[in-house]
Amino acid sequence: MPTVLGLEGSANKVGAGVVRDGVILSNRRATYVTPPGHGFAPGPTGRHHRGALLGLVADALADARLRPSDLDAIAFTKGPGMGAPLSVVAAVARTLAQLWHRPLVGVNHCVGHIEMGRLLGRARDPLVLYVSGGNTQVIAFSRRRYRIFGETLDLAVGNCLDRFARLLQISNDPSPGYNIEQLARRGTRLVELPYVVKGMDVSFSGLLSHLQAVTPKLLASGEATVEDLCFSLQETAFSMLTEVTERALALTRAPHLLLVGGVACNRRLQQMLQTMCQARGAQLCPTDERYCIDNGAMIAQAGWEMLRVGQVTELAQSGITQRYRTDEVEVTWRD
Ligand code: MG
């Protein structure tokens with residue numbers, strides 16, 4: 001029974017998880033949270049992960065009641081993501097692989113999300129909406145690749161939310177997106193904002209710069225509250241995502257829509273997609289926050305699939321890559 005340790009750390013979460021034949025044995029995570037008004041820069045984020053990762057690995061093994069000798073491979077996030085955090089995780093993965101004499105499996109982070117969602121949602125061939133702080137993609141499997149049908153042309157939707165939270169000094173604890181979601185529930189007035197959809201692609205940079213320009217004036221004049229602005233941002237951004245996802249669903253005729261990534265936790269986004277899926281006779285498969293937010297178990301699961309077909313990574317090829325598109329990976333483990 002192949003057992004894989006997965007290490008993740010492409011952004012501000014760092015995690016270690018163990019998967020054995022479709023069973024998640026452990027999943028430990030730590031988050032680097034910055035003060036209100038601040039994002040997470042690569043250097044300090046990497047230092048946070050360096051301080052946390054070995055403890056998380058020890059805890060993940062203890063939770064799984066395993067010793068290093070019980071592992072068959074060490075999977076790690078090769079990319080995409082931020083350079084310093086990725087480098088820290090890759091260095092730990094390489095060190096453990098050599099100490100424990102186990103093969104390395106370099107995993108594409110986006111593929112990790114998809115494989116975890118496929119495991120949990122039990123949808124074999126879903127259309128995937130991957131929405132997070134670093135990525136916004138509509139993905140479907142075709143001819144041995146996870147093909148990108150639609151994506152953001154600039155900012156990821158989560159980055160747009162994070163930067164709006166920064167503008168308003170909204171807390172980053174537990175995450176800016178969570179706090180925007182709570183504020184948005186009390187919003188009553190919809191402020192008209194730029195809505196940019198191009199085919200199956202979306203763009204959020206104009207929406208963000210418009211908000212940055214008008215927010216001080218709207219708040220000062222009392223035309224809108226912080227709650228109204230959070231509500232309007234969510235309604236606009238999530239409508240864009242729902243529109244492009246519906247277009248991809250119509251094209252692929254997929255029976256299931258898998259929702260993954262940190263923004264996938266948002267209940268309002270889930271609700272909008274649910275309404276759209278119901279109208280089309282498709283089934284929405286959301287993942288819960290333990291697994292949709294970046295985590296080690298998802299890297300272990302993708303690594304398990306790759307190990308199964310012998311797709312391991314030589315030490316000399318184990319460097320990180322900040323830009324690593326989902327469709328660069330040959331998905332040899334699926335028919
Ligand atoms: Mg992610």
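Colleague: Which charged end sits over the ring of F141?

Modeller: A charge sits over a ring if NZ of Lys or CZ of Arg is within 6 Å of the ring centre and within 35 degrees of the ring normal. Here R334 places its charged end over the F141 ring, 4.0 Å from the ring's centre. Please note that this is a predicted model, in which local features need pLDDT of at least 70 and side-chain atom pairs count only at pLDDT 80 or more, while totals for chains, interfaces and linings use all residues. Residues are numbered from 1 along each chain as its sequence is written, and side-chain values use heavy atoms, with hydrogens and water left out.

Colleague: Where is a positive phi found in a residue other than glycine?

Modeller: Most residues other than glycine have a negative phi, and most peptide bonds are trans. R144 has a phi near 65 degrees; R144 belongs to the loop between β7 (136-142) and β8 (145-151). Helices (H or I, at least four residues) and strands (E, at least two) are DSSP runs, numbered from the N terminus.

Colleague: Which residues does a cis peptide bond join, with omega about -5 degrees?

Modeller: That bond links G79 to P80, and P80 is in the loop between β4 (73-79) and α2 (83-100). A cis bond also runs from D173 to P174, its omega near 0 degrees. P174 is in the loop between α4 (157-167) and α5 (176-184).

Colleague: At roughly what angle do the axes of α7 and α8 cross?

Modeller: Axes are lines fitted to C-alpha atoms, for helices over the stretch in contact, and angles run from 0 to 180 degrees between N-to-C directions. For α7 (residues 226-252) and α8 (residues 267-280), the angle is roughly 30 degrees, and the axes come within 10 Å. The two helices are therefore roughly parallel (under 35 degrees).

Colleague: Which residues of α8 make the contact with α7?

Modeller: Contact means heavy atoms within 4.5 Å. From α8, the contact is made by R268, L269, M272, L273, M276, C277 and R280; the residues of α7 include F238, L241 and L249.

Colleague: How do α5 and α7 cross?

Modeller: Their axes come within 7 Å, at roughly 110 degrees, which makes α5 roughly perpendicular (65 to 115 degrees) to α7. I180, E181, L183 and A184 of α5 meet V226, E227, C230, F231 and Q234 of α7.

Notes:
Angles under 35 degrees count as roughly parallel, over 145 as roughly antiparallel, 65 to 115 as roughly perpendicular and the rest as oblique.
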